[in-house]
Amino acid sequence: MVLHHVLSSRIEGLDPGNMRDIYSIIVASQIFEPLYQYHFLKRPYQLVPLLAEDMPQISDDLLTYTIKIKKGVYFQDDPCFQVGKPRELKAEDFVYAIKRVANIKYLSQNWSMFDNKIVGLDEFREYTKTCKSEVDIDYSRQVQGLTTPDDYTLVIRLKKPWPQLCMALADIATAPVAKEAVDYYGRDIVSHPVGTGPFRLNVWHRGSYIELVRNPAFRGELYPSRGEPGDAEAGYLDDAGKTIPFADRVLWTIIEERQPAWLLFLQGKVDATVIPKDNFDEVMGGVGELTPAMKQRNIHLKTFRDPSTYWLGFNMQDPVLGKNKPLRRAISCAIDREKFIELFFNNRHLIAHGLIPPVMPSYGTEIKEKGYAQYDPEKAKELLKEAEKIHGGKLPAFKMALPGTNTWYRQFGQFLKRNLNAIALEVEMEYMDRPTYLEKVNTKSIQMFTSGSSASTPDAQDFLAMFYSRYHAPGPNKFNYCNPEFDKLYEKAQVMLDSPEKRRLYRKMELIVLEDCPAAFLNHRVAYVLHHDWYKNYKPHAFAYGLSKYRRIDMAKRTAYKN
Amino acid sequence: MTAYIIRRILYTVPIVFGVLLLTFVLFTLVGGDISIEIAGKGATQETIDEIREEYGLNKPLFLSWDSQFVNHFKNALTFNFGRARDREPVIDKIKRGVGPSLALTVPMFFGVVIISVSLSLIIAFVHGTVWDILVVVICVAGMSIPYLSFILFGQYFLAYRWGLFPVFFSPELTMAQYVALPVLIGIAAGIGGNLRFFRTVMLDEMRSDYVRTAFAKGLTVRRVLFKHVLKNAMIPIITRVVLAIPFLFLGSLLLERFFGIPGLGYLMVEAINSRDYFVISAMTYISAILFVVFNLITDICYSLVDPRISLE
C-alpha cells in the first residue's frame with residue numbers, strides 16, 4: 001500500500017532540531033516523534049502522549065515537569081548504531097535534542113522556543129559561544145533544568161511558568177535525536193534522519209521525490225477509538241483500534257507547477273491535492289459544493305480553517321504613521337477585504353476582523369461586530385482629514401514593502417495602491433526579494449509592509465507576542481508597537497494555564513491592538529483539499545503533521561478508478 | 001595555432017575574474033543580508049551574528065587577504081564551492097543535476113539542429129514555392145507562440161488526454177520515458193527560430209556564383225547542396241550551434257519544472273529564489289568557463305571548415 005502525495009516545494013533538510021519550513025516538517029514528522037501529539041480526531045485540539053507514557057506531572061508552582069517515557073521504543077536500525085543491537089530510546093535523548101537546539105554553533109531556527117525558559121539552558125548556550133566549533137561542544141555538561149533521574153524519566157525545571165511547554169514538547173524541534181547518529185553523519189545528518197517513528201527514509205532524490213518505507217523497528221500504535229461527534233458517520237472510526245501505520249510506503253513527488261499536480265490527481269496518481277486557483281470553477285459548483293463532474297469521479301472535498309492571519313502592518317516608529325492613529329485607521333477602512341478575497345482567493349478565505357484566527361479557542365465571535373475590518377471609504381476620507389490636521393498639512397506619499405517580485409505580489413500591490421489612492425492617499429509599492437524585505441523590516445526602515453503568520457499551536461500567544469513591546473524588530477514585533485496596558489496583560493496571561501480567564505485576557509489584548517491599529521488585518525486562510533474516494537481517514541488537522549500513519553488506501557477502489 | 005590558443009586561454013583570466021566580481025557584487029552589495037532569512041522567524045541578534053560568522057559575512061568585503069571577495073575568488077579557483085544553504089555540498093548538487101539536464105537538452109539540441117539544417121537545405125532548394133511559404137508561416141507561428149504554451153498543450157493533450165507519455169516524473173519510470181515528451185516539446189518549440197535562421201543562411205549561399213557554376217557544370221542537386229552549399233554555410237551554423245552547447249549544461253528551466261526533471265536549470269532557479277549564493281556562484285562560474293572554452297572551440301572549428309581563416 002503506497003500513499004502518493006505532492007509537495008509544492010522542495011524540502012530543506014530532515015534534521016528536526018533545525019527546520020521551520022512546513023514541507024520539511026511534513027516529511028520529518030513521519031520519521032521523528034516528540035513526547036506528545038495532538039489527538040487525530042478530537043476537537044477542540046487536545047494533546048495526548050506519544051513517546052511519553054502519560055501527560056506530565058506538574059508541580060504546584062508550575063515550574064517542574066516530570067515526564068515518564070515509554071519503554072521498549074527503539075530507533076530505526078542504522079549503521080550509526082552497533083550492528084545487530086537495537087538502540088532503545090532513553091530520556092537522555094530528549095535532553096540532547098534540547099541542548100542541541102541551544103547550541104549556538106548549530107544555528108537552530110528553533111532557539112526562540114527555549115530562550116530564557118529552562119533553568120541553566122541559557123548558560124549552556126553561553127558556554128557554546130566559547131567553543132570553536134560544533135564538534136568541540138561537550139554535551140555531557142550539566143544543565144540544571146534538564147535532568148534524567150533514570151533512563152525513562154525526564155525532569156524539566158523552568159525559570160518561570162511556561163504553560164505552553166507541553167505544546168513545545170509536541171513540536172518536532174523537541175523530538176529525540178540519537179547522539180550516535182549526529183556524531184556518525186556530522187553535517188550530513190540533514191539527509192540521514194534516524195528516528196523512532198512509523199516510517200524511515202528510503203530515498204531522497206533532492207528536488208524530485210522522497211520515499212519513506214515502513215520502519216520495521218516501530219513499536220506499533222493503535223488507531224484512535226474515539227473522536228468527536230460525527231466522526232463515526234464520516235467513517236473516521238472505521239479503523240478504530242487497528243494497528244497503524246497502514247501504508248507500506250509514502251511517496252512525495254515535488255511538483256511546483258499546478259497543472260501537472262492537477263493532471264496527476266485527475267489521473268488517480270496522486271491521492272489528494274489542493275484546488276489550483278485556475279481550476280476552481282471546474283471543481284466548485286457552488287458554496288461548498290463540487291461540480292457534477294467531480295462528484296462523478298467520487299472526489300471528496302474537505303475544507304478547514306487554517307490558524308493564520310495576514311495583514312498590512314505599520315511601523316509604529318515611523319514619525320508620520322506611528323503618531324497618527326486616524327491615518328492608520330483610514331488605511332484600514334480603505335481596504336476592500338471582500339474584493340481582495342474574491343480576486344485573489346476565489347472567495348475562499350475569511351475576512352480577518354481581528355488578529356486571532358477563528359480556529360483558536362480564544363477567538364471571540366463578537367469581534368466581527370466591532371467593525372474594525374469594515375470597508376468604508378467615506379469614513380476613511382473623514383479620518384484622513386483628521387489625520388491631516390494632526391500631521392499639520394497634506395500627508396506625504398508612503399512606501400509599502402512587499403516580500404516578492406512575482407506577478408502575484410505585483411497584482412496584490414496594485415490592489416492595495418488602488419484602494420489607498422481612492423481615498424487620495426499616495427503610496428509607492430516596493431517589491432523586493434525576501435532577504436531585502438526582512439532586512440528592511442528588521443532595521444525598522446520601512447513604513448508599511450504586508451505579512452502574515454500561521455500558528456503552530458492552538459494557543460494564540462504567538463500572535464499576541466507580535467505586539468509585545470520587548471519583542472521589537474528584529475524580534476517578532478515587527479510593528480514596533482508599544483502599549484504599556486497591553487504589555488501588562490501579556491505578562492499576566494503568559495504564565496497562566498489555559499482557562500476562560502486567560503482567553504478573556506487574550507481577547508482584551510486583541511481589542512487594545514485593534515483600537516491602536518498598528519496593522520490592518522486582512523484575511524484568514526481557509527484550505528480546500530480534494531481527495532479520492534479510496535484515500536481513507538483524511539481528516540484535516542491544523543496543528544499535526546505526522547498523519548500518514550493514519551491514512552489507508554482502498555486498493556480496489558484505486559485500481560477501479562485507474563482502469 | 002598553439003600561440004593563438006594560449007593567448008585565448010590567457011584571455012579567460014580577466015573574463016572569469018569579471019564574472020566572479022559581478023556575481024559577488026550583485027549578491028552581497030545589491031541584495032539583502034541573507035543571514036536574517038537563514039536565522040528564521042523570531043531569531044535573536046546573537047543568532048544572526050553567529051550565522052554571519054559561520055558564512056563569513058562579518059569579514060570585510062574587499063581590501064583584505066581574508067576579505068569575502070578574496071575567499072570567494074580562492075574557493076572558485078579551487079572548485080571548492082562549499083555547502084548550499086540546505087547544507088548539502090554544492091558540487092554534489094551539480095553532479096546530480098548534470099545527468100538529467102543533459103538527458104533533456106542533448107537530444108533536444110541534436111534534434112533541433114539536424115531537423116533545422118536538413119529542412120533548411122530542402123527549403124532553400126524549393127525557394128519561392130508554396131512549400132517554402134508554408135514553412136516560413138509555420139516558423140513564424142512557432143516563434144510567436146510562447147514556450148509555455150507548447151508545454152501546457154503538450155502536457156495536457158499528449159500526456160493527459162491521449163496518454164502517449166507520462167504527465168510527470170515518477171521514480172518507476174526510466175529516464176527515456178520521462179524525458180521523451182519534454183524533448184519532443186523542446187524540439188517543436190525550438191525548430192521555428194532555428195529553421196528560419198538556417199533557411200536565410202542557405203538562401204544566401206544558394207544565390208552565390210559558385211552554386212550557379214556548379215549547376216552549369218552539371219553537378220547533381222545532392223552534390224551541390226551537401227558538398228558545396230552546406231560546407232560554405234558552416235561558419236554561421238558553427239557560430240550558432242557550438243555557442244549553444246554551454247547552455248545545454250544549464251538545462252531547461254521550464255521543461256524541468258513542468259515535468260519534474262531534477263536538472264540544473266531547476267537547481268539554478270531554486271537557488272535564485274532562495275538566494276543560495278553558493279549555488280548561484282558555482283553555476284555562474286562553471287557556465288562562464290564553459291562559455292569561454294566553447295568560444296575557443298568555435299574559433300578552431302572556423303579554421304577547420306574554412307582554410308581562408310587562420311588563427312594567428
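Reader: To start, what share of the 563 residues in chain A is buried?
Author: Buried residues account for 44% of the 563 residues in chain A, where a residue is called buried if 20 or more other C-beta atoms lie within 10 Å of its own, exposed if 12 or fewer do, and partly exposed in between, with the C-beta atoms placed from the backbone. This is a predicted model, in which local features need pLDDT of at least 70 and side-chain atom pairs count only at pLDDT 80 or more, while totals for chains, interfaces and linings use all residues. Residues are numbered from 1 along each chain as its sequence is written, and chains are lettered from A and ligands numbered from 1 in the order in which they are written.

Reader: Thanks, and how many helices and strands does chain A have?
Author: Chain A has 17 helices and 25 strands; these are DSSP runs numbered from the N terminus, of at least four residues for helices (H or I) and at least two for strands (E). The radius of gyration of chain A, taken over C-alpha atoms, is 25 Å, close to the 24 Å from the globule rule for 563 residues, so chain A is as compact as a globular protein of that length. That rule is 2.2 Å times the number of residues to the power 0.38. Along the principal axes, the C-alpha trace of chain A spans about 80 × 65 × 45 Å.

Reader: What share of the contacts in chain A with a separation of 6 or more comes from residues 24 or more positions apart?
Author: Such residues account for 70% of those contacts, where two residues are in contact if their C-beta atoms, placed from the backbone, lie within 7 Å.

Reader: Which domains are assigned in chain A?
Author: The assignment, which is automatic or comes from a database, gives domain 1 (34-194) and domain 2 (308-524). The C-alpha centres of these two domains of chain A lie 36 Å apart, and 8 residues of domain 1 are in contact with 10 residues of domain 2. On the domain 1 side there are 5 nonpolar, 1 polar and 2 charged residues; Ala, Val, Leu, Ile, Met, Phe, Trp, Tyr, Cys and Pro count as nonpolar, Asp, Glu, Lys and Arg as charged, and the others, Gly among them, as polar.

Reader: Turning to strands, in what order do the 6 strands of the open sheet in chain A run?
Author: The order is S18-S22-S17-S21-S19-S20, with mixed pairing, and two strands pair if DSSP finds at least two bridges between them. The edge strands, each pairing on one side only, are S18 (350-351) and S20 (427-431) of chain A.

Reader: And is S17(A) mostly covered or open?
Author: S17(A) is mostly covered, with 6 of its 7 residues buried. Strand S17 (residues 308-314) of chain A runs antiparallel to strand S21 (residues 448-454) of chain A, joined by 7 bridges, and also antiparallel to strand S22 (residues 519-524) of chain A, joined by 4 bridges.

Reader: Which residues stand opposite Tyr310(A)?
Author: Tyr310(A) stands opposite Gly452(A) in S21(A) and opposite Asn523(A) in S22(A). Ser308(A), for its part, has Ser454(A) as its bridge partner in S21(A).

Reader: How does strand S19 of chain A run against S21(A), parallel or antiparallel?
Author: Strand S19 (residues 398-402) of chain A runs parallel to S21(A), with 2 bridges joining them, and Ala401(A) stands opposite Phe449(A) in S21(A).

Reader: Now the two chains: how many residues does each give to the contact?
Author: The contact takes 38 residues from chain A and 38 residues from chain B. On the chain A side, the elements giving two or more residues are strand S9 (209-214), helix H6 (258-267) and helix H13 (434-442), and H13(A) gives the largest share, 6 residues. By class, that side has 13 nonpolar, 13 polar and 12 charged residues.

Reader: Which residues touch the most other members of the largest nonpolar core?
Author: Among its 123 residues these are Ala28(A), Ile98(A), Trp252(A), Leu255(B) and Phe259(B); a nonpolar core is a set of buried Ala, Val, Leu, Ile, Met, Phe, Trp, Tyr and Cys residues joined through C-beta atoms within 7 Å. Helix H8 (residues 175-206) of chain B gives the most to this core, 12 residues. Another core of 88 residues lies apart from it, and includes Met400(A), Met448(A), Phe479(A) and Tyr285(B).

Reader: Last one: is helix H9 of chain B buried or in the open?
Author: Of the 8 residues of helix H9 (residues 209-216) of chain B, the number buried is 0, so H9(B) lies largely in the open. Just after H9(B), Gly218(B) takes a positive phi of about 90°.
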